Amino acid sequence: MKLGRIAVDSPDGREVRVIAAEPENNRVVDLRRAYALALQRGGATEDGARHLAAATFGDLTRGISTGDFFLEAAHRALTAADDASTPLDDATFVAAIKPPVLRDSLTFNGHIKNFFGNVMKTTPTRAVYERPGYFKGSTATLYGSGETVPYPSITEQLDYELEIGYIIGKPGRNVTPERAFDHVFGITIFNDFSLRDVQVLESPIGMGAQHSKDFAYGIGPWIVTMDEIPSIIGLTGQVRVNGEVWSDTRVEDFIWTPEETVSYVSQFDGLQPGDLIGSGTMAFGAGAELRRFLQPGDLLELELERVGVLRSPIAAQSETPSWWPTPQPFPFEEA
């Protein structure tokens, strides 16, 4: 099943609704509305059906946390899909999920070599090969397919990163790689947007990425449940900018496998339903590897086999900050 979120207008303003996407039928199904209809057809009162449907499909993260019940309810809702659907092209998508915690990893050999060589101007650090490191990102700047992504005025190197987003379904702590994917609900396309020139300036601080990452994350167009993914290994991807193919890539050549990546996150920490763990960028899945960057007004399309296409229009005008720091005197200058 393909699950996601769209924005709709309501008497109370903009509202986010949980949907099942059926691209093969060119439609999305409002699961809250469909479930209420299905329950009524089974004998529930209108008020009772609406109450249970709102509790079940009011929020995707909370829904995932109910385990098997959620998918069973979604399948029942689809029996009323014809009366609760919207044409795919008319749907206004938002980020497929708002994760409690967003983490992004570094696991693909090809990207690691290209990133360190082209961006950091050095060979990969030994630490990358000693543990599957990751950073945590902001959940205040999530963008779905079709939503315009800002172009910060502090950069001249706006980059994209084609990744798989592992969506956690079951809580866990200290899980083994062998059991890690028992905790994964599904996968989506994750775009870890990056400001490469800003990233170089932030790295020496030693606190991880800041504005070079947290200005935007793309998630979508929807989440595909694991029963539809025979294997993550071997999935193909493609990057297009303004319709031009910039690169083709494939899920292969790991330092750390998907199972090891998820397992490592859980060590001494807790996996939560709805958490997103980025796979790391696939080889040649970033513009820095090609020495090509996005420009204002570009249309970026990231495609992943068995998932779909995440479309990200880039703002035509740069976004300027309301304040920016002035460098302070450095007290350790050598005489």
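The largest pocket of this predicted model has a volume of about 670 Å³. A pocket here is an open set of points on a 1 Å grid over the protein atoms alone, where a 1.4 Å probe fits, with protein on both sides within 12 Å along at least five of seven lines. Its volume is the space filled by probe spheres set on the points.

**The largest pocket**
- The lining divides into 9 nonpolar, 12 polar and 8 charged residues; Ala, Val, Leu, Ile, Met, Phe, Trp, Tyr, Cys and Pro count as nonpolar, Asp, Glu, Lys and Arg as charged, and the others, Gly among them, as polar.

**A residue of helix H5**
- Asn109 lies in helix H5 (residues 109–118).
- Asn109 counts as buried because its relative accessibility is 13%, and buried means under 20% relative accessible area with a 1.4 Å probe, protein chains only.

**The sheet**
- Five strands form an open, mixed sheet in the order S9-S21-S20-S16-S17; two strands pair if DSSP finds at least two bridges between them.
- S20 (residues 299–304) and S21 (residues 308–319) pair in the antiparallel sense over 6 bridges.

**About the model**
- Residues are numbered from 1 along each chain as its sequence is written, and side-chain values use heavy atoms, leaving out hydrogens and water.
- In this predicted model, local features need pLDDT of at least 70 and side-chain atom pairs count only at pLDDT 80 or more, while totals for chains, interfaces and linings use all residues.

Notes:
Helix = DSSP H or I, 4+ residues; strand = E, 2+ residues; numbered from the N terminus. Buried < 20%, exposed > 50% of the residue type's maximum accessible area, 1.4 Å probe, protein only. 1 Å grid on protein atoms, 1.4 Å probe; cavity = no way out; pocket = protein on both sides within 12 Å on 5 of 7 lines; lining within 4 Å.
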